[in-house]
Amino acid sequence: MAEKHKVKIHSVSKISPPSSDSVTASTLPLTYFDTQWLKFPHSEGLFFYQITDLTFDLFNSVILPKLAHSLSLTLLHYLPLAGHIMWPADSAKPAIYYFPDQNDGISFTVAESDADFSHLSGNNGNREAVEFHHLTPQLSISDDKAEVVAVQITFFPKQGFCISVVAHHAAVDGKSKTMFERSWAYFCKQLIHMQRQNLNNSSILLPTELIPCFDRTLIKDPKGLDVVYANHWLAFQSDKRSFKLVSMPVLKAHSSVVRKSFELTREDIKKLRAKVQGSEVLIRQAKELHLSSYVLTCAYVYVCLVKAMGVEGDATVMLRVGANCRSRLDPPLSVNYFGNCVSGHGTPAKASDVVDPENGIAFVADKLSDLVKGLKREVIEGSEEKILFVLKYVKEGGGQASGRLLAVAGSNRFDVYESDFGWGKPKRAEIILDRVGSIYLVESRNGGGAVEVGVVLEKPQMEAFSSLFVNGLN
């Protein structure tokens with residue numbers, strides 16, 4: 001087990017938007033895309049920035065003030081993130097409320113760690129999942145209200161620092177969270193540039209692609225599913241309007257659960273595409289497949305994962321894909337729509353078909369291709385069946401009780417490595433997941449169409465997965 005590392009908390013404060021006539025109390029409704037995730041674990045991410053010989057004086061006098069000031073400026077464009085999710089007794093559903101006169105703001109923790117920065121931010125070897133827990137802040141969640149976002153900045157003496165942004169899942173999806181992080185990075189980098197040039201920072205404007213759209217009227221909900229979903233969560237917790245999260249499998253401090261990063265290069269993905277297209281079964285079917293980098297990566301990782309976890313024979317696995325639905329709704333939403341607008345869909349399969357040595361990858365790619373091509377409006381829009389599936393998943397312990405749920409977090413299209421705060425792009429971007437069998441995707445730091453894959457498994461399973469992943473490409 002990894003050595004326990006000491007974490008020193010230097011301060012915990014609130015970052016609020018600057019005082020302005022435009023900063024007034026506001027309420028942002030939750031749509032059914034949001035209320036679906038009301039009780040789910042939040043989204044946690046980490047960015048590691050390497051600065052050799054970084055001293056605390058430099059960190060405290062230069063880096064921290066820039067990060068805090070730019071975060072405040074960013075909140076002028078993202079006011080709901082400074083508020084809380086609440087569910088008043090006279091309201092049929094929760095909403096995000098922001099009250100500037102009640103000291104609303106984002107929790108901002110400054111910490112120091114003696115852990116090995118290179119180990120945590122590297123991609124060679126296993127890293128225990130619990131090693132990352134001290135780097136992420138806790139969202140304040142009670143029966144009455146829930147914070148929307150919390151931030152932690154952790155200093156690693158003479159190594160660098162990391163930024164963790166934790167967001168409530170009912171407020172943002174991965175695309176929206178990344179847009180906020182990139183906006184904050186943009187303001188910080190511009191602030192550094194302006195100060196070097198002795199220019200007024202009031203002239204900093206967000207580029208069009210980073211300006212959020214909060215218009216909830218764009219989500220059509222004639223059946224009132226936003227309230228239906230909220231009521232199902234209410235019934236799930238014995239009619240309590242509590243925001244405390246549902247109980248899901250968690251790691252113990254002594255756990256042997258590890259995480260490891262892998263990469264599929266553009267050439268690897270080309271090989272996988274050729275392998276799938278050359279499958280005799282699919283050739284006979286003469287099907288036109290949707291073989292994107294996302295589909296091929298998921299297919300390959302799912303096959304390796306099922307083999308590594310020892311799922312065999314007639315055991316059922318659920319193959320799932322997630323999709324950004326902004327362009328798929330009718331009418332389409334703005335690409336900058338801020339909130340949740342994702343939908344996940346799956347299909348069951350026999351483990352024996354998935355692990356078939358000749359056609360397993362092609363079999364899974366075919367299934368995932370069908371799922372993606374089937375993402376039509378009537379499929380991605382809400383339904384009561386969807387929230388019932390979510391609650392069933394929760395009751396079964398996050399997919400542990402009956403079969404295996406294969407799904408990925410993140411995307412290779414979010415451009416997470418564009419989050420350059422002024423000290424270069426991150427050395428490593430991580431999505432923090434603890435459940436055994438968790439998978440996440442981000443685009444490769446090196447670009448070129450490559451995909452980074454993060455996997456969480458027990459140590460023996462990870463050894464098997466690593467061997468399967470590497471040897472399968474050779």
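This note covers an open sheet, the helices packed on it and several salt bridges in a predicted model.

1. **The sheet.** Five strands make up an open sheet, and the pairing is mixed. The strand order is β7-β11-β18-β17-β15. The edges are β7 (127-128) and β15 (409-411). Each has a single partner strand, so one side of each has no neighbour in the sheet.

2. **The β17/β18 pair.** Strand β17 covers residues 439-443, and strand β18 covers residues 451-458. They run antiparallel and are joined over 5 bridges.

3. **Salt bridges overall.** The structure holds 14 salt bridges. One network of salt bridges links Arg127, Arg259 and Glu430. Three individual pairs follow.

4. **Asp173 and Arg326.** These side chains meet in a salt bridge, at 3.0 Å from N to O. The pair ties together distant parts of the chain, 153 residues apart. Asp173 lies in the loop between β10 (160-167) and α4 (174-196). Arg326 lies in the loop between β12 (316-324) and β13 (342-350). Are the two partners buried or exposed? Asp173 counts as buried because its relative accessibility is 3%, under the 20% cut-off. Arg326 is buried as well, with a relative accessible area of 2%.

5. **Glu267 and Lys270.** Here the N to O distance is 3.6 Å. Both residues sit in helix α6. They are 3 residues apart, so about one helical turn separates them. Glu267 is partly exposed at 47% relative accessibility. Lys270 is partly exposed at 45%.

6. **Lys287 and Asp370.** The closest N and O atoms of this salt bridge are 3.1 Å apart. Lys287 has a relative accessible area of 33% and is partly exposed. Asp370, at 37% relative accessibility, also counts as partly exposed.

Definitions and conventions: Residues are numbered from 1 along each chain as its sequence is written. This is a predicted model: local features need pLDDT of at least 70, side-chain atom pairs count only at pLDDT 80 or more; totals for chains, interfaces and linings use all residues. Side-chain values use heavy atoms; hydrogens and water are left out. Two strands pair if DSSP finds at least two bridges between them. Helices (H or I, at least four residues) and strands (E, at least two) are DSSP runs, numbered from the N terminus. A salt bridge is a side-chain nitrogen of Lys or Arg within 4 Å of a carboxyl oxygen of Asp or Glu. Buried means under 20% relative accessible area, exposed over 50%, partly exposed in between (1.4 Å probe, protein chains only).
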